[in-house]
Amino acid sequence: MKRNNSVLNRVLMALVFIFLYAPIFLLIIFSFNAGSSNTVWKGFSLAWYGKLFGNRLIMQSVYTTLLVSLLATVIATFAGTFAAIGFFAMRRKIRNPLMTVNNIPMMNADIVTGVSLCLLFVAFFGFWNDFARWFNAIQQFIYLPRLTMGFGTLLIAHITFNIPYVILSVSPKLRQMDKNLVDAAMDLGCTWMQAFWKVILPEIKPGIVSGALTAFTMSIDDFVISYFTAGSSASTLAMTIYGMTKKRVSPQINAISTLLFVTVLALLAIVNIREARQERRKRHT
């Protein structure tokens, strides 16, 4: 009976993995197709990858996506780490409601976050542009420019929804840390900043790395929030692919999707290998 259950469980698990990854593997296979069809195989070719790197629109969107993701990851990791430390130093009665507020953006629908940020930017820019028009009219020494949605609003939006993920990744490492370590370091003559760099940071470093990787992955993958906050002057890769699918699904989409899948897979492999090495070191020590 147990053997039958184990065989059935393995079959169900295999079916689930086939259901999840069969479309991705099909996409990867046809990215190397010599023809333009997504159903008929006409031979192996790297032509679509060559056309992909020669497509100025796609490469510009890739550059925008990577730049926004990297900047948002760095800023969100820095802000989220110190916010998590601040939450950790608070009393539980104050910390728990704030952590609940921090978790709302992660549980909230992306379209709600995107629309709300869009309305916020529109309202603020409307007020600013009216003020700039009045200010420029009464004097000619200082010129205040008009503001529109673009790369800046896109970056702010990505930082906004990335910070909660960093806080959620760093907070468990702070709770696992022995509170007496910081007090002992300061008793031995360390300043608070020296205790942070030499005691706190090494203890929470795995959480920081995990939060940064999560933030980077979320930024690259985001479409809905970017669609509402990018305006007309900036376009991420997801937005460009969405625009291309309205006309015809080009095999170049298969190629760029394959590269994204391989990149995410490599990041996950690096994280898992790193965690496995850390566990081995802890066991040896």
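1. The kink in helix α6. In this predicted model, helix α6 bends by about 30 degrees at N162, a position that comes shortly before the proline P164. The helix itself runs over residues 151-176, which makes 26 residues, and its first and last C-alpha atoms are 38 Å apart, close to the 38 Å expected at 1.5 Å a residue.

2. Confidence. The protein chain has an average pLDDT of 84, and 98% of the residues score at least 70. Confidence is lowest in helix α7, residues 179-187, where the mean is 75, whereas helix α9, residues 224-229, has the highest value, at 91.

3. The largest pocket. The space in the largest pocket comes to about 510 Å³. Its lining is made up of 19 residues, and those closest to the centre are K173, P206, R274, Q278 and K282. By class, the lining of the largest pocket holds eight charged residues, seven nonpolar and four polar.

4. The second largest pocket. Here the space is about 350 Å³, and 13 residues form the lining, with D221, S257, L260, F261 and V264 lying nearest the centre. The elements that supply two or more residues to this lining are α1 (2-30), α8, α10 (237-245) and α11; the largest share, four residues, comes from α11. The lining of the second largest pocket consists of 10 nonpolar residues, two polar and one charged, which may be set beside the eight charged residues in the lining of the largest pocket.

5. The salt bridge. How many salt bridges does the model contain? The count comes to one, and the pair concerned is R133 and D130, whose side chains meet at 3.0 Å, N to O. Both residues belong to helix α5 (residues 110-138), where they are three residues apart, or about one turn of the helix. An α-helix has 3.6 residues a turn, so residues three or four places apart point the same way. The 3.0 Å separation of R133 and D130 qualifies as a salt bridge because the cut-off is 4 Å.

Terms used: Residues numbered from 1 in each chain as written. Predicted model: local features only at pLDDT ≥ 70, side-chain atom pairs only at ≥ 80, totals over all residues. Heavy atoms only, no water. pLDDT = per-residue confidence, 0-100. Expected span 1.5 Å × (residues − 1). Bend = angle between axes of the 7 residues up to and from the residue. 1 Å grid on protein atoms, 1.4 Å probe; cavity = no way out; pocket = protein on both sides within 12 Å on 5 of 7 lines; lining within 4 Å. Points joined across faces, edges and corners; volume = space filled by probe spheres on them. Nonpolar A, V, L, I, M, F, W, Y, C, P; charged D, E, K, R; others polar.
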